[in-house]
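Biologist: Before I rely on any of the labels attached to this structure, could you take me through the values and the definitions behind them?

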Amino acid sequence: MDTHLFSLVHLVEQLGLEGSERSIEMLVVSIAPIPSNLELWEAPEWDAVQADKIKQWKEPSSPWNDAVEQLDSLLRA
């Protein structure tokens, strides 16, 4: 499997957001930290479509799982 297709940049773009390094940094600054009592997809910053995608992609069998884990780590730091 080509993991490049399922990178953090592509994940952010699939959420309808700009995938540049600067845009991802700004996303992290604007959202982080997500409280530990919330799942990533429960953060109020996501719209319903984004939250649903993140929840589906968090599944261990999803090719997006690693990128979702990376995003989760960035938003909890």
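**Values set against definitions**

Modeller: A polar atom of the glutamine 50 side chain lies 2.9 Å from the backbone oxygen of leucine 15. The model is a predicted one, in which local features need pLDDT of at least 70 and side-chain atom pairs count only at pLDDT 80 or more, while totals for chains, interfaces and linings use all residues. Residues are numbered from 1 along each chain as its sequence is written, and side-chain values use heavy atoms, with hydrogens and water left out.

Biologist: Why is glutamine 50 called buried?

Modeller: Buried means under 20% relative accessible area, with exposed over 50% and partly exposed in between, for a 1.4 Å probe and protein chains only. Glutamine 50 has 10% relative accessibility and therefore counts as buried.

Biologist: What makes the buried residues of α4 lie on the same side of that helix?

Modeller: Asn65, Ala67, Val68, Leu71, Asp72 and Leu75 are the buried ones in α4. They cover an arc of only 160 degrees around the axis, the arc being that of the directions from the helix axis to the C-beta atoms, and so they are on the same side of α4. The buried residues of α4 pack against α1 (8-14), α2 (21-31) and α3.

Biologist: Which residues have the most contacts inside the largest nonpolar core?

Modeller: That core has 21 residues, and those with the most contacts inside it are Leu11, Leu40, Trp46, Ile54, Val68, Leu71 and Leu75. A nonpolar core is a set of buried Ala, Val, Leu, Ile, Met, Phe, Trp, Tyr and Cys residues joined through side-chain atoms within 4.5 Å.

Notes
Polar contact = N/O pair within 3.5 Å; in protein donor to acceptor, adjacent residues only side chain to side chain. Helix = DSSP H or I, 4+ residues; strand = E, 2+ residues; numbered from the N terminus. Contact = heavy atoms within 4.5 Å.
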